[in-house]
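Biologist: I would like to learn how to read a structure like this one. Please take me through it feature by feature.

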Amino acid sequence: MALVDYSSSSSSSSSSSPSSTAGVSDGEDDRPLSAPPAKRRKRSRPDGPGALPSAPSGPEPNMPPLPPAFHDSYASAVRHSVVDDPALHQGRKRLIPHIVGNWPSHLYVEWHPLADQHEKLARLVRTVGEGIGSRVELHSFMTSDLGAPLPLHVSLSRPISLTTSNKDRFLDHISSALRASAVRQFSVCPTRLAWHKSPDSNRTFLVLQVASSSTLGRATASSNPELMRLLHACNDVVQSFNQPVLYQNQARRDSADEAFHVSIGWALDLPVDEESGKALEAFGREQFRALGSWKIPVPGVKVKIGNVVSHITLPSGAASAVSKSLSNSFFAL
């Protein structure tokens, strides 16, 4: 949006007007001091240089969408305290203690649902919350404390911590590794609703599991070949910096492939039992069946280091052939 360009001559002429400067302090004005000097109305032709812009008569034009980089500039929440205080975060505890000089970091794919998608997901969280009853409170990831829509994400790393001395080197290495992975822009689709118990805390997440849209309806060795290649690249770099890797300790070879998900809600100390499992059946109801046809775009990977977010864009276009040895390495995790 262009800024309005006001003429500098109008401000200078009004500041030097005799009626605004004379008579009050030096006695040149014979009016009482209690009466302020009358302001002269500035007259101008409707189309003259001093004319004010008229309000548009027609409907307001559609505003262009915000650039992706805008969201990166406001990706971090306000820090209330450097001390781990669960009371400030709805009972949650910090996984990585705050240490001065360390930078909490994360690798992920970001998704900004459209307005109708956001509304449907928010309704799904409420429906599941009603299904689990009053045993625990189901919190939503869909909106902020002020009710603003929040972006969602597919994680490609655990929460990691970098030092000031190696954070820039890490960004260089992860950027090179993601580009060398030969993964091109793709999309994933929600496949089912599930509970995911955090291995590091007492939180249980309500998640939408996802699968690559290129594999839906096809018999393939991997339901998420692109995400597996990205994860493999991320884990290699993360491990080289002595940080914990994601999904590498899965017991079954294909469990990592099925683990990718979008978290939409969470609860503390939720018993994953028959009652909570039955609440997941909401995904199959008529009003939510359209979720399976959604395509979540993956144009790149976000690298968040402290409060700075970098976007590593994946190349667009048809994917090139990948060697058999690289394909077999998907399951080396």
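**Reading the core, strands and rings**

Modeller: Start with L156, which touches L107, Y108, V109, L227, L230, L231, C234, L246, F260 and V301, leaving out residues up to four places away in sequence. Touching, or contact, means heavy atoms within 4.5 Å. This is a predicted model: local features need pLDDT of at least 70, side-chain atom pairs count only at pLDDT 80 or more, and totals for chains, interfaces and linings use all residues. Residues are numbered from 1 along each chain as its sequence is written, and side-chain values use heavy atoms, with hydrogens and water left out.

Biologist: Which residues touch the most other members of the largest nonpolar core?

Modeller: The general idea comes first. In soluble globular proteins, nonpolar side chains tend to be buried together. Here the largest nonpolar core has 62 residues, and L156, F170 and I264 touch the most other members. Helix α6 gives the largest share of this core, eight residues. A nonpolar core is a set of buried Ala, Val, Leu, Ile, Met, Phe, Trp, Tyr and Cys residues joined through side-chain atoms within 4.5 Å. Buried means under 20% relative accessible area, exposed over 50%, and partly exposed in between (1.4 Å probe, protein chains only).

Biologist: How many of the 333 residues are buried, as a percentage?

Modeller: Buried residues make up 35% of them. The protein exposes about 20,700 Å², and carbon and sulfur atoms supply 54% of that area. Accessible areas come from the Shrake-Rupley method with a 1.4 Å probe; for residues, only the protein chains shown count as cover.

Biologist: How many helices and strands are there?

Modeller: Eight helices and 10 strands. Helices (H or I, at least four residues) and strands (E, at least two) are DSSP runs, numbered from the N terminus.

Biologist: How do I read a strand such as β7?

Modeller: In a regular strand the side chains alternate between the two faces of the sheet. Strand β7 covers residues 261–268, and seven of its eight residues are buried. Next, look at its partners. Two strands pair if DSSP finds at least two bridges between them. Strand β6 (residues 203–212) runs antiparallel to β7, with seven bridges. R203 stands opposite L268. Strand β2 (residues 139–140) is also antiparallel to β7, with two bridges. There, H139 has W266 as its bridge partner.

Biologist: How many aromatic pairs does the structure hold?

Modeller: Four. One of them joins F170 and F241, edge-to-face, at 5.2 Å centre to centre and 85° between the planes. F170 sits in helix α5 (residues 167–180) and F241 in the loop between α6 (225–240) and β7, 71 residues apart. Both F170 and F241 are buried. Y247 and F260 are also edge-to-face, because their centres are 5.8 Å apart and their planes at 90°. Rings of Phe, Tyr and Trp (its six-membered ring) pair if their centres lie within 6.5 Å; planes under 30 degrees apart count as stacked, over 60 as edge-to-face and the rest as tilted.

Biologist: Are Y247 and F260 buried or exposed?

Modeller: Y247 counts as buried at 10% relative accessibility. F260 is buried at 0%.

Biologist: Which residues lie over the faces of W103 and W266?

Modeller: K167 lies over W103, at 4.8 Å from the ring centre. R203 lies over W266, at 4.9 Å. The rule: NZ of Lys or CZ of Arg is within 6 Å of the ring centre and within 35 degrees of the ring normal.
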